[in-house]
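I set aside some time to go through this chain and keep a notebook as I went. Here is what I looked up, in the order I looked.

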Amino acid sequence: VGSVILYGVPIVSLVMENQERLCLAQISNTLLKTFSYNEIHNRRVALGITCVQCTPVQLEMLRRAGAMPVSSRRCGMITRREAERLCKSFLGDNSPPRLPEDFAFAVHHDCAWGCRGAFLPSRYNSSRAKCIKCSTCGLFFSPNKFIFHSHRNNPGAKYVQPDAANFNSWRRHMRLSGNPPEEVTHAWEDVKAMFNGGTRKRMLAGAKSSSSRRRIESPPSAAPA
């Protein structure tokens, strides 16, 4: 059992299959305690972060270390890099990574008939920015629209239905092409964390604002005759 300082908070860690992993439940209950389970779960899925379930023996170690309550029956573990990405998406400023002005990620997706393109981070200034140039037709698309754009360049290609219901689905479907170096992969992860849905603060502020408007717009009730 080890400990990692994440945003100033000590988080219990375990070495699983020669890789240090942090307790997601402890992160959720400390650093991300102002966010709901669904918010954290949806953000984790959108960022492509997969939990590895610990064994009963490892779970007992987490309990004794104070990371999990005695009543807990399971716990998901994520790598330190994944924990940093998840927390940054909620707590950080999500500023774009520093990349050359003309830099582009070579990306592809397998939705519909599949497609390849160049993701230009310099043009990614909003969730709807047309920052991906199709390698086949040369048109630009936003990330959400690009996964619905495809070309049947291979006669033997298999049609795959995109996940249209999920606003963040492009983050799961779009992948880097080839075998990019680790620093490019990390930069891609940082780019995917940008514009990744509203935070709880924004949601609460919006709800309060809407409630205030309703109170202002509602006419006073008439006094009984």
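The entries below go from the whole chain to a sheet, its turns, a helix and the cores.

**Entry 1: the whole chain**

I began by reminding myself that this is a predicted model. I counted eight helices and ten strands in the chain. Of its 225 residues, 39% are buried. I also looked at contacts with a separation of 6 or more, and 56% of these join residues 24 or more positions apart.

**Entry 2: confidence**

How far can I trust the coordinates? Where pLDDT is low, the predicted coordinates should not be read in detail. The average pLDDT of the chain is 82, and 82% of the residues reach at least 70. Which elements have the lowest and the highest mean pLDDT? Helix H8 (residues 200-217) has the lowest, at 40, while strand E8 (residues 132-134) has the highest, at 97. Over residues 198-225 the pLDDT stays under 50, and the model has ten contacts for this stretch beyond four places in sequence. I left the details of that stretch alone.

**Entry 3: an open sheet**

Next I traced a sheet. It is open, has five strands in the order E1-E2-E3-E5-E4, and the pairing is antiparallel. Strand E1 (2-6) and strand E4 (52-53) are its edges, each pairing on one side only. Helix H3 (residues 56-64) packs on this sheet, where it touches E2, E3 and strand E5 (76-79). The direction of H3 makes about 160° with that of E2. Helix H4 (residues 80-91) packs on the sheet too, touching E1, E3 and E5. For H4 the angle I noted is with E5, about 95°.

I then went through the strand pairs. E2 (residues 9-16) and E3 (residues 19-23) run antiparallel and are joined by four bridges. Across this pair, Ser-13 faces Leu-22 and Val-15 stands opposite Glu-20. On to the next pair: E3 and E5 are antiparallel over three bridges, with Arg-21 opposite Thr-79.

**Entry 4: turns with positive phi**

Most residues other than glycine have a negative phi. Which residue in the turn of the E2-E3 hairpin has a positive phi? It is Glu-17, at about 55°, and the hairpin has two residues between its strands. Asn-18, in the loop between E2 and E3, also has a positive phi, about 65°, although it is not a glycine. Is Asn-18 buried or exposed? Its relative accessibility is 80%, and exposed means over 50%, so Asn-18 counts as exposed.

Tyr-7 sits in the loop between E1 and E2. Its phi is positive as well, near 55°. With a relative accessible area of 44%, Tyr-7 is partly exposed.

I went back to H3 and asked which of its residues are buried. They are Gln-58, Leu-59 and Leu-62. On the face turned away from the buried side, I found the exposed residues Pro-56, Val-57 and Arg-64.

**Entry 5: the nonpolar cores**

Finally I looked inside. In soluble globular proteins, nonpolar side chains tend to be buried together. The largest nonpolar core here has 21 residues. Among the residues with the most contacts inside this core are Phe-105, Phe-119, Met-174 and Trp-188. Strand E6 (105-109), strand E7 (115-119), E8 and helix H7 (182-192) each supply at least two of its residues. Which element gives the largest share? H7 does, with four residues. Another core lies apart from this one; it has 18 residues, including Leu-22, Leu-32, Ile-49 and Ile-78.

I then picked Val-107 and listed its contacts, leaving aside neighbours within four places in sequence. Among them are Cys-115, Phe-119, Ile-132, Phe-146, Met-174, Leu-176 and Trp-188.

Methods: Residues are numbered from 1 along each chain as its sequence is written. Side-chain values use heavy atoms; hydrogens and water are left out. Two strands pair if DSSP finds at least two bridges between them. Contact means heavy atoms within 4.5 Å. Axes are lines fitted to C-alpha atoms, for helices over the stretch in contact, and angles run from 0 to 180 degrees between N-to-C directions. pLDDT is the predictor's confidence in each residue, from 0 to 100. Buried means under 20% relative accessible area, exposed over 50%, partly exposed in between (1.4 Å probe, protein chains only). A nonpolar core is a set of buried Ala, Val, Leu, Ile, Met, Phe, Trp, Tyr and Cys residues joined through side-chain atoms within 4.5 Å.
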